[in-house]
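Subject: Structure handover

Hi,

Here is the structure we talked about. Please open it alongside this note; my findings follow below.

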Amino acid sequence: MAEKQYDCIIKNARIVRPKADAVEKGDIAIKNGKIAELAPDLDTAQAQTIIDAKQKLAFPGLVDAHMHTGIYNPLAEDALQESRAAAMGGVTSSLNYIRTGAYYLNKSGPYADFYPEVLDISKDRFYVDYAYHLAPMMKKHIEEIPMLVDKFGVTSFKIFMFYGSYGLHGRSTDQSDFLMTPPDEKYDFAHFEFIMRGIKKSMDMYPSKKDDICLSLHCETAEIMAAYTKLVEEDGTLSGLRAYHESRPPHSEGLAISIAAYLAHETDCVNINLLHLSSFKALDAATRMALAFPHINFKREVTIGHLLLDVDSPCGLHAKVNPPIRPREDVEALWEAVLAGQVDWVCSDHACCKEEMKTDRQKPDEVFLAKSGFGGTEYLLSGLVSEGRKRGMSYQHMAELVCLNPARRYGLHNKGDLAPHMDADIVLLDPDKSFIVRAAESESGQGYTPFEGQELTGKIMQVFLRGQSIYEDGKVVGKPQGRYLSRPY
């Protein structure tokens, strides 16, 4: 018997391609894990397997550009469990922030020793393809940036601007203890400048990779937050998410963005990502800095949590995150920016923090004692489709925000689109099927979700990773087959 031309054909799909003029009806042929052809009415006799999409939307596999795997739970456990949540959400490429210091592996040292351990733990534990962003926490790490680019294919790095005198959840009395940095070093603006100079050096050393090497920043200002936290606590009239919002005010974001932008200008570190912008003031500062420094290639990120939740959401402290969930007027400002094309990608900032550690046992209603972060990768596409459609957003624009744009920025050149020769990462979504978010139905090990009870319209029916089905009939299937993405990929 003659060998079939294709391994699989997905028939009768409505194909969503980023930047396309329209959603086109057609078939998708897959061969050896790649997309072989897109066309109407492909010959099914040429395929070993036929899947009828029944007019569902076919999105590219999502690239969740901002996740934290192993932050609150052992990395081996988190990788296995939370990548199942990613697969459930249509995510086929998981980009995870990780660093030395408290949380994650709870150890310090050079990345030459630390990162191989991360990769060893991660191997055969991910249900989706994965990569890591690294944060240079000390001088030694800056020296290692060229090695990380060349040897390990790490092309994206991060600065946590508020760690100067703040911990992950609030005030920190001993910076070096929390960050596990040498006692004679500081994690401050000077260190941030030197990180930028180290990244610029790597861009010069590897000109073929310079467009893929970038720096991401969590933009909040520790001094402003410390002062306003004290004011909120002394006043005592606010509680919950609103108190946390007031303790980390939006102008803290704006100031940090302005400082980061000027340092990028000073160091000629031209590829800058402004992470999880949460407020009108943050957006305003980002716009002003782009005008002031047009030679800097700024990208702007927003999370699905900041688009779906506000300070009055019934989830309460389950939605504590950094930067905070904001009032409704900030949420609407984010949506206006998304619709106007002023946001480059939407992500989850997924960080599984289990119920038993999320809030303080003695004072479960005290927001300043609760842990920061929550999961949400499993609702990234459905949340965007559900709310985006209400606001007139096209499916193609959605695919840019959760597929193409993050893939291109982070050096995943075989991801983010449906086109011949690209990885056959495909999501079949029924845009008319509604469901109620229930934590009990999630693949995540978190045990709760701040989106509990929300009705979303747009349900993921099947997900393919490099041509293999990894989610169908409401459950993750098969064994972990995610591959490490050494970039540029």
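Start with two tyrosines: Tyr-130 and Tyr-132 are both buried. Keep in mind throughout that this is a predicted model.

**Aromatic rings**

The count of aromatic pairs comes to 16. Tyr-130 and Tyr-132 make one of these pairs, and the geometry is edge-to-face. Their ring centres lie 6.2 Å apart, with 75 degrees between the planes. The two tyrosines also belong to an aromatic cluster, together with Tyr-115, Phe-126, Phe-152 and Tyr-484.

Two rings carry a charge over the face. Lys-158 places its charged end over the ring of Tyr-97, 4.3 Å from the centre. Arg-99 lies over the face of Phe-160, at 5.8 Å from the ring centre.

Helix H2 covers residues 111-122 and helix H3 covers residues 139-152. Their axes come within 10 Å and cross at roughly 40 degrees. That angle makes H2 oblique to H3.

**Salt bridges**

How many salt bridges does a search of the whole structure find? There are 29.

Lys-31 and Asp-7 join through their side chains, at 3.7 Å from N to O. Lys-31 sits in strand S2 (residues 24-31) and Asp-7 in strand S1 (residues 6-15), so the bridge ties together parts that are 24 residues apart in sequence. Asp-7 counts as partly exposed, at 25%.

Glu-266 and Arg-197 form another bridge, with the closest N and O atoms 3.4 Å apart. This pair links distant parts of the chain, 69 residues apart. Glu-266 is in helix H8 (residues 250-267) and Arg-197 is in helix H5 (residues 189-205). Glu-266 is partly exposed at 42% relative accessibility. Arg-197 is partly exposed too, at 35%.

Arg-328 and Glu-332 pair within one helix, H11 (residues 328-339). Their closest N and O atoms are 2.9 Å apart. The two residues are 4 apart in the helix, so about one helical turn separates them. Arg-328 is partly exposed, with a relative accessible area of 34%. Glu-332 is partly exposed as well, at 28%.

The network links Lys-34, Asp-129, Lys-415, Asp-423, Asp-425 and Arg-466 through salt bridges.

**An enclosed helix**

Last, look at helix H13 (residues 380-390). Of its 11 residues, 9 are buried, so the helix is largely enclosed by the rest of the structure. The buried residues are Leu-380, Leu-381, Ser-382, Gly-383, Leu-384, Val-385, Ser-386, Glu-387 and Gly-388. After H13 comes Gly-392, which has a positive phi near 80 degrees.

Best wishes

How values were computed:
Residues numbered from 1 in each chain as written. Predicted model: local features only at pLDDT ≥ 70, side-chain atom pairs only at ≥ 80, totals over all residues. Heavy atoms only, no water. Salt bridge = Lys/Arg side-chain N within 4 Å of Asp/Glu carboxyl O. Buried < 20%, exposed > 50% of the residue type's maximum accessible area, 1.4 Å probe, protein only. Phe/Tyr/Trp six-rings, centres within 6.5 Å; stacked < 30°, edge-to-face > 60°. Lys NZ or Arg CZ within 6 Å of the ring centre and 35° of its normal. Axes fitted to C-alpha atoms, helices over the stretch in contact; angles between N-to-C directions. Parallel < 35°, antiparallel > 145°, perpendicular 65-115°, else oblique.
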